[in-house]
Amino acid sequence: STWGYPIPSMSGLQRTCPPEKFGIVENRVYRSNTFTKDNFAFMRNLGIRMILHMSPDVQVRQLKQFCEESQITVVNLGIKQLRTINPERTPLNEELIKEGLQYIFDKSNHPILIECTSGYHHTGILVGCLRQIQGWNLASIEEEYRLYSNHKTPHLSLLAIEMFDTDLVCLPQNLPDWYQTHLEVLQDEIAERNILERSTRAPSFVRPLPNPLRPGVSADIRVMKPRGSSFLAGVLSANSRLISPGSKFTEASLVNESDD
């Protein structure tokens, strides 16, 4: 298994070869560079149902025929980038990222493959925005990007990931299991944090407790650590008079003091 997710068993491994930039994003969600004829057997064994092609080009005839024979739906999002001045160097716009993420979050499209010519430029941007929704920090997102880009870090791509507005994405009802688990864990963390904040919140006032030594007289019972002592001692404050730790006191002494 890779990253904790199983890869379907394959017979005749000598005849199968994954694409150079192949990787597992999440369970039944894959990424790679544009694959070739040498990778057909490997891709067929994955049972790919949909391919998100992110590069601004058209599939070659051989790839198109393979997808038709394997009943793979190809969504060419990158073709829309042809309208830009320099499509290979221009990051994906938010509309394309939004559309791609909605395909990824729809469980009915899985197993799904995200691909582009390089395997890291446009693919890396889309996966990075997915990680944003999953709550990854930017350092982790950049490290994953560099893992597939031979440690290249195009600043425009990372800026596009950082500036992407995750609120634009409308999640479908048919969410994949891995994201449902993420939401459940997130809800538990929020609940635990709220409980912790309530328990550590300082009270706005000290509620007076009834004085067990003299009815009708309120006393504040507090705990303090005396100077030079390694243990906690209780301090009883009655009628605004403090009794030092270790002092002897009785009900009679309190009554006498209150009469002074």
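Residues are numbered from 1 along each chain as its sequence is written, and side-chain values use heavy atoms, with hydrogens and water left out. Because the model is predicted, local features need pLDDT of at least 70 and side-chain atom pairs count only at pLDDT 80 or more, whereas totals for chains, interfaces and linings use all residues.

Helices (H or I, at least four residues) and strands (E, at least two) are DSSP runs, numbered from the N terminus, and two strands are taken to pair if DSSP finds at least two bridges between them. On this basis, 5 strands form an open sheet of mixed pairing, in the order β1-β2-β5-β3-β4.

Glu-26, which lies in strand β1, stands opposite Val-29 in β2. Glu-26 counts as buried because its relative accessibility is 9%, buried meaning under 20% relative accessible area, exposed over 50%, and partly exposed in between (1.4 Å probe, protein chains only). The side chains of Glu-26 and Gln-134 are joined by a polar contact of 2.9 Å; such a contact is a pair of N or O atoms within 3.5 Å, of which, within protein, one must be able to donate a hydrogen and the other to accept it, and residues adjacent in sequence count only if both atoms are side-chain atoms.

Strand β3 (residues 50-53) directs Met-50 and Leu-52 one way and Ile-51 and His-53 the other way, and all are buried. Parallel to β3 runs strand β4 (residues 73-76), joined to β3 by 4 bridges, with Val-74 as the bridge partner of Ile-51. From β3 the chain crosses through helix α2 (residues 61-69) to β4 in a right-handed β-α-β crossover, that is, with the strands pointing away from the viewer, the path from the first strand over the helix to the second runs clockwise. Strand β5 (residues 112-116) is likewise parallel to β3 and joined to β3 by 4 bridges, and Ile-112 in β5 stands opposite Met-50.

Leu-52 counts as buried because its relative accessibility is 0%. Contact means heavy atoms within 4.5 Å, and, not counting residues up to four places away in sequence, the residues that Leu-52 touches include Val-75, Gly-100, Ile-104, Ile-114 and Leu-126. A nonpolar core is a set of buried Ala, Val, Leu, Ile, Met, Phe, Trp, Tyr and Cys residues joined through side-chain atoms within 4.5 Å. The largest such core has 33 residues, and those with the most contacts inside it are Leu-52, Leu-101 and Ile-104. Elements that each supply at least two residues of this core include β3, α3 (94-104), β5 and α4 (122-133), and the largest share, 6 residues, comes from α4. A second, separate core of 15 residues includes Tyr-30, Phe-42, Met-43 and Ile-48.
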